[in-house]
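Thanks for coming, everyone. Please bring the structure up on your screens, and I'll walk through helices first, then charged pairs.

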Amino acid sequence: MSKVSLEQSRKSIDQIRQNRFRDPVVLVASGFGIGWIAPAPGTVASLIVAGGYWWFVSPTSVAIQIATIAFVCLFALITLQVLVRKYGYVDARQIVIDEIAGVTIALSLLPEVLWVCILAFVLFRLFDIWKPFPIGWIDKTMKSGMGILLDDLMAGGMACVIATAAWIITVET
């Protein structure tokens with residue numbers, strides 16, 4: 001990151017901090033304030049949403065699950081696009097709406113088996129933090145609201161596939 005863009009990023013983060021409870025876009029992007037919880041706001045937000053998903057969405061039909069996931073992802077994308085237009089590109093740790101969308105992908109259409117959901121959650125957080133290819137590539141190259149969101153959706157998708165595979169292997173053996 002160049003010196004100018006690093007300075008711009010710091011300025012954007014300062015503006016977001018100043019407006020954290022005044023600007024509705026910042027409030028929503030921070031998961032209604034969850035993003036301000038230290039030391040791991042992304043994990044806290046993901047854990048809260050995973051619990052809600054497990055209790056309220058997992059027991060529903062496939063159609064309701066898909067509609068919920070689509071709504072969350074679209075809402076996150078719109079929020080992040082507005083945030084980037086307003087404050088410039090900033091993928092600050094306080095912005096957790098991307099983790100919220102990513103964990104819904106990680107848990108999407110999994111069997112209602114607790115260990116499978118826990119595995120998907122843990123894998124999602126590992127992939128989101130570690131950023132293996134292509135997640136890291138997306139994070140480094142796509143400097144937009146879509147980029148902020150897409151790396152988490154990819155981490156969620158990878159976690160979902162691996163958790164589903166683990167469940168299938170366990171069930172079939």
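Start with the cover over α5. Contact here means heavy atoms within 4.5 Å. Helices are DSSP runs of H or I, at least four residues, numbered from the N terminus.

A word on the source. This is a predicted model, where local features need pLDDT of at least 70, side-chain atom pairs count only at pLDDT 80 or more, and totals for chains, interfaces and linings use all residues. Residues are numbered from 1 along each chain as its sequence is written, and side-chain values use heavy atoms, with hydrogens and water left out.

How many residues of α5 are buried? The count is 10 of its 10. Among them are Ile97, Asp98, Glu99 and Thr104. Buried means under 20% relative accessible area, exposed means over 50%, and partly exposed is in between, with a 1.4 Å probe and protein chains only.

Now α3. This helix covers residues 41-57, 17 residues in total. From first C-alpha to last, α3 reaches 23 Å, close to the 24 Å expected at 1.5 Å a residue. That expected span is 1.5 Å times one less than the number of residues.

Which residues of α3 are buried? They are Pro41, Gly42, Ala45, Ser46, Ala50, Tyr53 and Val57. Seen down the axis, these buried residues fall within an arc of 160°, so they line one face of α3. The arc is taken from the directions from the helix axis to the C-beta atoms. The face turned away from that buried side carries Leu47 and Trp55, both exposed. Cover for the buried residues of α3 includes α4 (62-87), α5 (97-106) and α6 (114-130).

Leu114, Ile118, Val122 and Leu126 make a nonpolar patch of about 350 Å². For patches, residues need over 30% relative accessible area and no salt bridge; nonpolar side chains (Val, Leu, Ile, Met, Phe, Trp, Tyr) are joined within 5 Å, like charges within 9 Å. Areas come from the Shrake-Rupley method with a 1.4 Å probe, and for residues only the protein chains shown count as cover. Ile118 sits in helix α6. Ile118 counts as partly exposed, because its relative accessibility is 45%.

Next, the charges. Side chains of opposite charge can pair when their charged atoms come close. The rule for a salt bridge: a side-chain nitrogen of Lys or Arg within 4 Å of a carboxyl oxygen of Asp or Glu. By that rule, the count is five.

Take Arg17 and Asp14. Their side chains meet at 3.8 Å, N to O. Both lie in helix α1 (residues 3-18), three residues apart, about one turn. Arg17 is partly exposed at 36% relative accessibility, and Asp14 is partly exposed at 41%.

Then Arg125 and Asp128, paired at 2.6 Å, N to O. Both are buried. Both lie in α6, three residues apart, about one turn of the helix.

One more pair. Lys131 bridges to Asp151, with the closest N and O atoms 3.0 Å apart. This pair links distant parts of the chain: Lys131 is in the loop between α6 and α7 (135-141), Asp151 is in helix α8, and they are 20 residues apart. Lys131 is partly exposed at 24% relative accessibility, while Asp151 is buried at 1%.

What joins Arg125, Asp128, Lys131 and Asp151 into one network? Salt bridges that share partners do.

Note on methods:
Helix = DSSP H or I, 4+ residues; strand = E, 2+ residues; numbered from the N terminus.
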